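Welcome, and thanks for taking a look at this structure.

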Amino acid sequence: LFAGPVDFLKGVVAMEGLPPDDRPEVCFAGRSNVGKSSLINALTGRKALARASNTPGRTQEINYFLLGDSGYLVDLPGYGFANAPLPVVEKWQRLLKHYLSGRASLRRAFVLIDARHGIKAVDEEIMTLLDRSAVTFQAVLTKIDKIRDSERDTVLTQVRDRLSRHPAAYPEIVLTSSEKGEGIATLRAIIAGLP
Ligand code: GDP
């Protein structure tokens, strides 16, 4: 993966719209405002590739990006909107369940966690869904620049403890800051190293 230029392919609102699963893909999930758009932009080296849109309703689509000819990078809609209407939440959950359970080419899911907040109940829900779908997932801490170095161990301990209860969790946690660039090359290398 990451063998060529990154281009937006399409936004998908229903299962029928998914591209054929003929090449490996990775997906990114996280609570709204976790820094997912910023991270995808930092990873791909493109500014504003992933729209930094936090509007419920506008973000209920799965965005596909082409990684050269080699694979797809998939931006899942942000979850955990405090006041999203129930039909919006339910539609999102249905699409996500379908996507996660039926995507043979999905090599790994990256679950983004705000370093200041650690793993929350809504994150647990998606991790449980990933367990059930047998999709290996890896936790990525975002906005690591927003916490003190002395606070890193505390959040890492919480995240490690929670991950240990999820059979599909990959043990290595990636610490990132899209702002400062920390961990971006590491994450890119992890993705590039996936089969
Ligand atoms: P999304 O809703 O998950 O796509 O989140 P965004 O990428 O739009 O980021 C949400 C907010 O967090 C924005 O105000 C970003 O500028 C900020 N943000 C994102 N990543 C970082 C980071 O690494 N460090 C800091 N300090 N702020 C960040």
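**Around the ligand**

Helix α1 (residues 36-44) supplies the largest share of the shell around the ligand, with 3 residues. Please keep in mind as you read that this is a predicted model. The notes below start at the ligand, then move to the chain, its sheet and a few single residues.

- The shell around the ligand holds 18 residues, and those that come nearest are G35, K36, S37, S38 and E179.
- Sorted by class, this shell has 11 polar residues, 5 charged ones and 2 nonpolar ones.

**The chain as a whole**

- You will find 5 helices and 7 strands in the secondary structure of the chain.
- If you walk along the sequence, these elements follow the pattern β-β-α-β-β-α-β-α-β-α-β-α.
- The chain has a radius of gyration of 16 Å, close to the 16 Å from the globule rule for 195 residues, so the chain is as compact as a globular protein of that length.
- Along the principal axes, the C-alpha atoms of the chain fill a box of roughly 45 × 40 × 30 Å.
- Out of the 195 residues in the chain, 33% count as buried.
- Among contacts in the chain with a separation of 6 or more, 77% are between residues 24 or more positions apart.

**The sheet**

- The 7 strands of an open sheet are arranged in the order β1-β3-β4-β2-β5-β6-β7, and their pairing is mixed.
- At the edges of this sheet are β1 (6-12) and β7 (169-175), each of which pairs on one side only.
- On average, neighbouring strands of the sheet are turned by 25 degrees against each other, direction ignored.
- Strand β1 runs antiparallel to strand β3 (residues 62-67), and 6 bridges join the two.
- To see this pairing at the level of residues, look for G11, which stands opposite N63 in β3.

As background, most residues other than glycine have a negative phi.

- N33 has a phi near 80 degrees, a positive value in a residue other than glycine.
- You can find N33 in the loop between β2 (25-30) and α1.
- Is N33 buried, partly exposed or exposed? N33 counts as partly exposed, because it has 15 C-beta neighbours inside 10 Å, and 20 or more would be needed for a buried residue.
- K143 also belongs here, with a positive phi near 55 degrees in a residue other than glycine.
- The loop that holds K143 lies between β6 (137-142) and α4 (149-163).
- K143 is buried, because 22 other C-beta atoms lie within 10 Å.

**A closer look at I173**

- With 17 C-beta neighbours inside 10 Å, I173 counts as partly exposed.
- Which residues is I173 in contact with, leaving aside its neighbours within four places in sequence? They are A139, L141, L156, V159 and R160.
- One of these contacts is L141: I173 and L141 are 32 residues apart in sequence and 7.3 Å apart in space, C-alpha to C-alpha.

How values were computed:
Residues numbered from 1 in each chain as written. Predicted model: local features only at pLDDT ≥ 70, side-chain atom pairs only at ≥ 80, totals over all residues. Near = placed C-beta within 6 Å. Helix = DSSP H or I, 4+ residues; strand = E, 2+ residues; numbered from the N terminus. Nonpolar A, V, L, I, M, F, W, Y, C, P; charged D, E, K, R; others polar. Pairing = 2+ DSSP bridges. Axes fitted to C-alpha atoms, helices over the stretch in contact; angles between N-to-C directions. Rg over C-alpha atoms; globule rule 2.2 N^0.38 Å. Buried ≥ 20, exposed ≤ 12 C-beta atoms within 10 Å, placed from the backbone. Contact = placed C-beta atoms within 7 Å.
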